[in-house]
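Work through the exercises below with the sequence and the structure in view. Each task is followed by a solution in steps.

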Amino acid sequence: MTMPNFLLIGAAKSGTSSVYRYLYEHPEIYMSKNKEPNFFAYEGWQPDFCGPGDAEATTNVKTVPYLKEYQALFKNIKDEKSIGEASTFYLYIPEAAARIRHYIPEVKLIAILRHPVDRAYSFYSHLRRDGREPLKDFHQAFKEEEQRRKKHWSPVWRYQDFGFYGLQLQRYFERFDPKQIKVYLYEDLQKDAQNMIKDIFQFLEVDDTFTPNFSVRYNKSEVPKNRILHSFISNQNIVKSLIRPLIPAKIRQPMAAKAYRKNLARLKPLSPELRQELIPIFQADILKLQDLIGRDLSHWLV
């Protein structure tokens, strides 16, 4: 059975949804339709997290913890050169690196990293958007991490822990040849997405002249203006079930997508004062990370 030969391992809220879509478009790349199967994060255990909305969320519902089911995700491969998936928990979950090494030791690994405080606030915004983060104050939510862990909430609420990239990447550099690992920064994607994706195509040894559609950025952290409308569009309900057979998908889906986007607004920016207050938490790890990946990250410390 087929296994992937490359993985997008994280970090969450660092542009991975957009990069997944750009890779998905390439004719020589096969991406699992289940973006985050999480096999190497949770092999042998079906997650049963119990935080707000966890029962219906991706981690509980779409995780594929058993090998045969995981391999089945790639059964429709034709003649694609590169085969991959994008589970952002792989960077964070400690056991993932060793499992990946066990099953696919020659795999190519791609990581995209975002300033840890900005990433945390983006994830907070994402959970607020989905009505899952109950606290309106980010700083308070940031401090609730350990209590939420004890209550068996999903790791998505670990705003602080997810940001220790140096510690997390070290596990991969200890197990894989550095030539198998490509690390980018979120600002690379923001400043020059086309050049970054071209570099990824070269890393994967596929046609680097292919240009995906860069006009859309996926899974942005915004909050709904109207939560009732957001819930109606996002979730299954009887009205949608009745309408679906009456309107062709090619008409229905763009209309729904447009309504979804129009109902979203950016969350209030994180205050510079709070950002500065939280940066020292990550300082030692940022210094470790810059040595590990050979990039100057001094701008992350101010």
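**Exercise 1.** Is the crossing of α10 and α15 left-handed or right-handed?

Solution. The model is predicted, so local features need pLDDT of at least 70 and side-chain atom pairs count only at pLDDT 80 or more, while totals for chains, interfaces and linings use all residues. Residues are numbered from 1 along each chain as its sequence is written, and side-chain values use heavy atoms, without hydrogens and water.

Step 1. Locate the helices: α10 spans residues 165–175 and α15 spans residues 272–293. Helices are DSSP runs (H or I, at least four residues) and strands likewise (E, at least two), numbered from the N terminus.

Step 2. Their axes are 8 Å apart, at an angle of about 35°. Axes are lines fitted to C-alpha atoms, for helices over the stretch in contact, and angles run from 0 to 180 degrees between N-to-C directions.

Step 3. The crossing is left-handed: the near helix is turned anticlockwise from the far one by less than a right angle (clockwise would be right-handed).

**Exercise 2.** Which residues of α1 are buried?

Solution. Step 1. Apply the cut-off: buried means under 20% relative accessible area (1.4 Å probe, protein chains only).

Step 2. In α1, this holds for Thr16, Ser17, Ser18, Val19, Tyr20, Tyr22 and Leu23. That is seven of the ten residues in 16–25.

Step 3. The cover over them includes β1, β2, β4 and α11.

**Exercise 3.** Where is Lys35 found, and which residues does Lys35 touch?

Solution. Step 1. Lys35 lies in the loop between β2 and α2.

Step 2. Leaving out residues up to four places away in sequence, its contacts (heavy atoms within 4.5 Å) include Thr16, Ser17 and Tyr20, and also Glu85 and Thr88.

Step 3. Lys35 has a relative accessible area of 15%, so Lys35 is buried.

Notes:
Buried < 20%, exposed > 50% of the residue type's maximum accessible area, 1.4 Å probe, protein only.
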